[in-house]
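Subject: Structure for your review

Dear colleague,

Please find the structure below, handed over for your own work.

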Amino acid sequence: MSDHVLIVEDEETYRDSLRFIFEREGFDVTLAATGREGIDAFERDGADIVLLDLMLPEVSGTDVFRAIRTRSDVPVVMVTARDDQIDKIIGLELGADDYVTKPFSGRELVARVRNVLRRREGSPDDRRDEPTRLTVAGFTLDPERLTITRDGVTQSVPPKEFALFHVLASHAGRVLTRQAIIDRVWGADYFGDTKTLDVHIKRLRGRIEEQPSLPRYVRTVRGVGYTFEP
Ligand code: CA
């Protein structure tokens with residue numbers, strides 16, 4: 001599967017050239033022209049990596065970064081025109097995964113992005129497999145406490161049910177096949193009773209849906225699997 005890069009850049013010429021560079025390299029590209037659009041696009045579709053211009057009008061790159069970080073651990077590469085910001089950006093305060101300074105070469109940028117992705121995949125504490133704290137559609141999922149919080153109400157959730165919700169919510173808007181869900185939630189622990197998934201879906205709906213029989217969030221895709229509709 002192609003890596004999905006979200007590019008947040010207000011200058012059209014940069015945006016266009018970034019799209020060109022990454023599409024040519026086989027990435028799926030989503031473009032956002034403002035910080036707000038960037039946050040919305042991330043909430044809607046997620047991304048494997050975010051390329052974030054620091055100097056954005058209205059909602060700044062720093063604010064976009066923080067908004068994304070409260071939702072996800074996705075790698076973020078900052079793009080900046082100002083050298084003197086670099087220390088601050090890569091410093092602990094923000095914790096971006098890398099940065100590039102404008103003007104940049106397409107080759108260098110792609111190499112850096114691939115490096116960041118590789119680092120994430122190859123690191124021994126592969127955080128992509130560990131559920132991360134996530135906020136989507138008003139639900140906040142805390143994997144350390146196994147809690148779901150919405151409208152100020154926090155409920156504790158059994159581990160498999162939590163994992164199921166996390167898998168669905170972290171792929172919001174995308175359809176996951178039954179097998180893909182089973183692999184991610186149960187892995188080798190799954191002993192082939194196909195009802196197990198349905199039972200957990202039912203319990204999860206009972207927990208988060210206003211009308212579990214007419215689910216608003218956890219939708220069935222007939223003959224395929226399930227999707228979380230943000
Ligand atoms: Ca800019």
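Two strands are taken as paired if DSSP finds at least two bridges between them. Strands (E, at least two residues) and helices (H or I, at least four) are DSSP runs, numbered from the N terminus. The model is a predicted one, in which local features need pLDDT of at least 70 and side-chain atom pairs count only at pLDDT 80 or more, while totals for chains, interfaces and linings use all residues. Residues are numbered from 1 along each chain as its sequence is written, and side-chain values use heavy atoms, with hydrogens and water left out.

Overall content

The chain holds 8 helices and 12 strands. Of its 230 residues, 43% are buried; buried means under 20% relative accessible area, exposed over 50%, and partly exposed in between (1.4 Å probe, protein chains only). Among contacts between residues at least 6 apart in sequence, 56% join residues at least 24 apart, where contact means heavy atoms within 4.5 Å.

The sheet of E10, E12 and E11

Three strands form an open sheet in the order E10-E12-E11, with antiparallel pairing. Its edge strands are E10 (175–177) and E11 (218–221), each of which pairs on one side only. On average, neighbouring strands of this sheet are turned by 30° against each other, direction ignored. For such angles, axes are lines fitted to C-alpha atoms, for helices over the stretch in contact, and angles run from 0 to 180 degrees between N-to-C directions. E10 pairs with E12 (residues 225–228) over 3 bridges in the antiparallel sense, and Val 175 stands opposite Thr 227 in E12.

Two helices lie across strands of this sheet. H6 lies across E10, E11 and E12 and runs at about 70° to E12. H7 lies across E10 and E12 and runs at about 75° to E10.

The packing of H6 and H7

How do the axes of H6 and H7 cross? The axes of H6 (residues 159–170) and H7 (residues 178–185) come within 9 Å and cross at roughly 130°. H6 is therefore oblique to H7: angles under 35 degrees count as roughly parallel, over 145 as roughly antiparallel, 65 to 115 as roughly perpendicular, and the rest as oblique. The crossing of the two helices is right-handed; a crossing is right-handed if the near helix is turned clockwise from the far one by less than a right angle, and left-handed if anticlockwise.

On the H6 side, Lys 160, Ala 163, Leu 164, Val 167 and Leu 168 meet Ile 181, Arg 184 and Val 185 of H7. The residues of this contact divide into 6 nonpolar, no polar and 2 charged. Here Ala, Val, Leu, Ile, Met, Phe, Trp, Tyr, Cys and Pro count as nonpolar, Asp, Glu, Lys and Arg as charged, and the others, Gly among them, as polar.

E7 (residues 139–142) is joined by 3 bridges to E6 (residues 134–136), and the two run antiparallel. Val 136 has Phe 139 as its bridge partner in E7. E7 is also joined by 3 bridges to E8 (residues 147–150), again antiparallel, and Leu 141 stands opposite Ile 148 in E8. Phe 139 and Leu 141 point one way from E7, whereas Thr 140 and Asp 142 point the other way, and all are buried.

E6 and E7 form a hairpin with 2 residues between them. E7 and E8 form a hairpin with 4 residues between them, and Leu 146 in that turn has a positive phi of about 55°.

Ile 208 lies in H8 (residues 195–208) and is buried, with a relative accessible area of 8%. Leaving aside its neighbours within four places in sequence, Ile 208 is in contact with Phe 139, Ile 148, Phe 165, Tyr 217 and Val 218.

Backbone points to check

Most residues other than glycine have a negative phi, and most peptide bonds are trans. Ala 137, in the loop between E6 and E7, has a positive phi of about 50° although it is not a glycine; at 26% relative accessibility, Ala 137 counts as partly exposed. Asp 151 also has a positive phi, near 50°; Asp 151 lies in the loop between E8 and E9 (153–156) and is exposed, with a relative accessible area of 70%.

A cis peptide bond, with omega about -5°, joins Lys 102 and Pro 103. Pro 103 is placed in the loop between E5 (98–101) and H5 (106–122).

Yours sincerely
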